[in-house]
Amino acid sequence: MTTTLSTKIILPDNYHTHDFFAFHQRDKQNISEIVEQNKVQKGIIWDGKPAELTIAINAKNAHIQLKIDGNTTDSDERLSALASHMLGLLQPVHLFECLYQEHPIIGSLIARQSGLRIYQSATPFEALSWAVIGQQISVSAAISIRRRFIQTVGVQHSSGLWCFPTFKQILNHSEEELRQCGFSASKANALIRLSQLIESGKLTLAISDDEQDIQQLTNNLLAIKGIGMWTINYSLLRGFNYLNGSLHGDVAVRRNIQKLFNQNEKVSAEQAEKWLAAFSPWKALLAAHLWRQESSAGY
């Protein structure tokens, strides 16, 4: 039995439709996401059941549909909340742009990219898992590991799309099985430990944007061996709509700060951290503007 939910969202005039689709088009083998023309189809888990999420954008409207393999008691409102999250519509980017549109250094950058948002993973856990996978390796290598991970640990929707694994599914697999997907021992153990803490209730990924909540989550994640500040800040950026993480350790961010100042010397992580600090609470959004200089997909 298939249950279908649907809803529609009106998008801002300057919405970056191309960038939204580029974010979901990183894996060219299309095992869990398919981007065709004006829509993305993505496999997700909805109340423990495989589901196919479709977001189609026409003119200024996003049309969202969810086909679930099984029953659900949910209404369209929850689907609308998920889509708004993934589309980055929960971020007050207009306020950021108003504050800095006249800034002597970043004003022109922001003007060129007006409306830029941080497109979100379907869940904070997906963002955190991807950040763990991507630690200290190339994007292409991370995509390959992610693909094998999804096919080993995840489940398929009736459409054929693979659904990104949940922490419960990870707990059914061993470190060795994750290693065979390409994980290092450190990454495999970090992901398993993360899943165990969520299962036990000692760690929750459903938090507010309050700074105390963010700091508590940061401290809890730092206590997991194999998870550091880059992983946490990236996860906050892509999974929690948190726009104040400092991505000063990111090579692309530092490279684009160097270009912004038109200087020959490389920018160190310490220099980048100090410069970004002046733009709190928008440091991560500014980092995204810097990323956009190189890639519409971000990272």
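Which residues have the most contacts inside the largest nonpolar core? Hi everyone, let's start there, keeping in mind that this is a predicted model. That core has 66 residues, and the ones with the most contacts inside it are Phe 149, Phe 183, Leu 194 and Leu 221.

Let's look at one of them. Leaving aside residues up to four places away in sequence, Leu 194 touches Phe 125, Leu 128, Leu 203, Leu 221 and Ile 224. There is also a second, separate core of 26 residues, and its members include Ile 9, Trp 46, Ile 57 and Leu 79. As background, nonpolar side chains tend to be buried together in soluble globular proteins.

Leu 79 takes us to helix H2, which spans residues 76-86. Its buried residues are Leu 79, Leu 82, Ala 83, Ser 84, His 85 and Met 86. Among the elements covering them are strands E1, E3, E4 and E5, along with helices H1 and H11. Just after H2, Gly 88 takes a positive phi of about 75 degrees.

Lys 187 is buried yet has no salt bridge. Where is the nearest side chain of opposite charge? That is Glu 175, 13 Å away. What Lys 187 does touch, beyond residues up to four places away in sequence, is Val 132, Ile 133, Gly 134, Gln 135 and Ile 137.

Last, the cysteines. A search of the whole structure finds zero disulfides. For Cys 181, the nearest cysteine sulfur belongs to Cys 163 and is 16 Å away. Cys 181 is buried, at a relative accessible area of 1%, while Cys 98 counts as partly exposed because its relative accessibility is 38%.

Technical notes: Residues are numbered from 1 along each chain as its sequence is written. This is a predicted model: local features need pLDDT of at least 70, side-chain atom pairs count only at pLDDT 80 or more; totals for chains, interfaces and linings use all residues. Side-chain values use heavy atoms; hydrogens and water are left out. Buried means under 20% relative accessible area, exposed over 50%, partly exposed in between (1.4 Å probe, protein chains only). Lys and Arg count as positive and Asp and Glu as negative; His and the chain ends are not counted. A salt bridge is a side-chain nitrogen of Lys or Arg within 4 Å of a carboxyl oxygen of Asp or Glu. Contact means heavy atoms within 4.5 Å. Helices (H or I, at least four residues) and strands (E, at least two) are DSSP runs, numbered from the N terminus. A nonpolar core is a set of buried Ala, Val, Leu, Ile, Met, Phe, Trp, Tyr and Cys residues joined through side-chain atoms within 4.5 Å. A disulfide is a pair of cysteine sulfur atoms within 2.5 Å.
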